[in-house]
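Here is a friendly walk through one protein model, told in questions and answers.

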Amino acid sequence: MHMHKFEKIWLAFGIGALVVFLVTIGVSAFYLGNKPPSCLTTINPEKVNQTKPFTEPGLHKVEGKEWNYELVYVASAFSYNPVQVEVPLGAKVRVIATTTDVVHGFEVAGTNINMMLEPGYVSEYTTTFDKAGEYLIVCNEYCGAGHHLMSSKIEVVK
Ligand code: CUA
């Protein structure tokens, strides 16, 4: 079978790209330990306010965990609870959030915290706030007429 030179080059490129992608995923998953965000924690969206830890939104100090603080958020159209929170500089924080109604976003501007909050699921992210300042939380999933009004604020203080 005769193959044109360009066809061979194109075939080699395709196989090469596939190998590069698989190696990248393999290194990321098995060497760096990256995992897709889990949707394993579920919650009854109608009983969010009666379900721990969402009974007490806000920042809580915790002991004996990999993180020092838990920062709990309940999102609903069109606000976050709490509206504002102070976090001590250098704190290792587990952000735990959910929504009581529709899908909302949870993006902390200027950081790599960016979660989707889905009804029935708990979204979590661990981070260390090592730069003082104000961080705006915005909703980046269109959720209705008040979408653009949805925000909250984290103040990282010394
Ligand atoms: Cu909540 Cu857009």
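Q: What makes Lys153 count as partly exposed?

A: In this predicted model, Lys153 has a relative accessible area of 25%. Partly exposed covers what lies between under 20% for buried and over 50% for exposed, so Lys153 is called partly exposed.

Q: Why are Lys153 and Glu134 called a salt bridge?

A: Their side chains meet at 3.7 Å, N to O. The cut-off is within 4 Å, so the pair of Lys153 and Glu134 counts as a salt bridge. The two residues belong to distant parts of the chain, with Lys153 in strand 10 (residues 151-157) and Glu134 in strand 9 (residues 133-138), 19 residues apart.

Q: Is Glu134 buried or exposed, and how do you know?

A: Glu134 has a relative accessible area of 55%. Exposed means over 50%, so Glu134 is exposed.

Q: How many salt bridges does a search of the whole structure find?

A: The search finds three. One of them joins Glu124 and Arg94 at 2.9 Å, N to O. That pair also links distant parts of the chain: Glu124 sits in strand 8 (residues 123-128) and Arg94 in strand 5 (residues 92-99), 30 residues apart.

Q: Why is Arg94 called buried?

A: Arg94 has a relative accessible area of 19%, and buried means under 20%, so Arg94 is buried.

Q: What makes Lys65 and Glu70 a salt bridge?

A: The closest N and O atoms of Lys65 and Glu70 are 2.9 Å apart. Since the limit is within 4 Å, the pair qualifies as a salt bridge. Glu70 is buried at 10% relative accessible area, whereas Lys65 is partly exposed at 46%.

Q: Which elements make up the chain?

A: There are one helix and 10 strands, and the order from the N terminus is α-β-β-β-β-β-β-β-β-β-β.

Q: How do you know that the chain is more spread out than a compact globule?

A: The globule rule gives 15 Å for 158 residues, and the radius of gyration is 21 Å, well over that value, so the chain is more spread out than a compact globule. Its C-alpha atoms fill a box of roughly 70 × 35 × 30 Å along the principal axes.

Q: Where are cis peptide bonds found?

A: One joins Lys52 and Pro53, with omega about 0°. Another joins Asn81 and Pro82, with omega about 5°. Pro53 lies in the loop between helix 1 (5-31) and strand 1 (58-61), and Pro82 in the loop between strand 3 (79-81) and strand 4 (84-88).

Definitions and conventions. Residues numbered from 1 in each chain as written. Predicted model: local features only at pLDDT ≥ 70, side-chain atom pairs only at ≥ 80, totals over all residues. Heavy atoms only, no water. Helix = DSSP H or I, 4+ residues; strand = E, 2+ residues; numbered from the N terminus. Rg over C-alpha atoms; globule rule 2.2 N^0.38 Å. Buried < 20%, exposed > 50% of the residue type's maximum accessible area, 1.4 Å probe, protein only.
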